[in-house]
Amino acid sequence: WLPFHAPDGSLGFLVAGKPKEKGGFDREARQWMKTACEQLFNGSLAVGAGLIKGAGRGLTPSGDDFLCGVLSALDAASRLSGKDLSERRDAVFTHSLAGNPLSNAFLGFARRGLYAERFKALASALLCGEPEEVEREAGRVVRFGATSGADWLTGFSLALDRWRGLWS
């Protein structure tokens, strides 16, 4: 669902290769983000987060929104599984901080499991909602900011998928 509903210029292409993106990340930047994600999920948390932070445009760059989604996924997975993922969450957080005070504040909120209302509504729908409710709430998230919601949801989705072994 996400690659087909994420706005152009977002990181939604990381989920399954958004077809025919117009604008946003060019081919080289798209490959660079894929490599950075491979580092984050399969290599070095520090290197991956360091490459992703600040990437993209906007008041809160796409990379920072993505990392907020990653931190939110780690928090949610920890709560649902009862496993302590704080070391991994703290490592991602530490290496995500940069010179953008707004992004840093959002990263801190995500680290502590404090979500915007539309993100909480999506999490609730994912846990106990009908498919139509999940899609409706995902749509609300994707429409948050120019690309911020889609970038957050991309980070959230990929982290839950790629690190499934940590909590399953």
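This is a predicted model: local features need pLDDT of at least 70, side-chain atom pairs count only at pLDDT 80 or more; totals for chains, interfaces and linings use all residues.
Student: Hi! How much space lies in the largest pocket?

Tutor: About 480 Å³. The lining has 27 residues, and T60, D65, F106, F144 and S148 are the closest to the centre.

Student: Which elements give two or more residues to that lining?

Tutor: Those are helix 5 (62-81), helix 7 (101-111) and helix 10 (148-162).

Student: And how do the lining residues divide into nonpolar, polar and charged?

Tutor: For the largest pocket there are 14 nonpolar, 10 polar and 3 charged residues.

Student: OK, what about the second largest pocket, how much space is in there?

Tutor: About 320 Å³. Its lining is made of 17 residues, with A76, L80, A123, L127 and F156 nearest the centre. Helix 5, helix 8 (117-128) and helix 10 each give two or more residues to this lining.

Student: Which helix gives the most there?

Tutor: Helix 5, with 6 residues. The lining of this second largest pocket divides into 11 nonpolar, 3 polar and 3 charged residues.

Student: Switching topic: how many residues are in the largest nonpolar core?

Tutor: There are 42, and the ones with the most contacts inside the core are L40, F41, F66, V70, V92, L153 and W163. Helix 5 turns up again, supplying the largest share of the core with 9 residues.

Student: What does L153 touch, leaving out residues up to four places away in sequence?

Tutor: L153 is in contact with W1, L2, L122, A138, V141 and V142.

Notes. Residues are numbered from 1 along each chain as its sequence is written. Side-chain values use heavy atoms; hydrogens and water are left out. On a 1 Å grid over the protein atoms alone, a cavity is a set of points where a 1.4 Å probe fits but cannot get out, and a pocket is an open set with protein on both sides within 12 Å along at least five of seven lines; lining residues have an atom within 4 Å of a point. Grid points are joined across faces, edges and corners, and a volume is the space filled by probe spheres set on the points. Helices (H or I, at least four residues) and strands (E, at least two) are DSSP runs, numbered from the N terminus. Ala, Val, Leu, Ile, Met, Phe, Trp, Tyr, Cys and Pro count as nonpolar, Asp, Glu, Lys and Arg as charged, and the others, Gly among them, as polar. A nonpolar core is a set of buried Ala, Val, Leu, Ile, Met, Phe, Trp, Tyr and Cys residues joined through side-chain atoms within 4.5 Å. Buried means under 20% relative accessible area, exposed over 50%, partly exposed in between (1.4 Å probe, protein chains only). Contact means heavy atoms within 4.5 Å.
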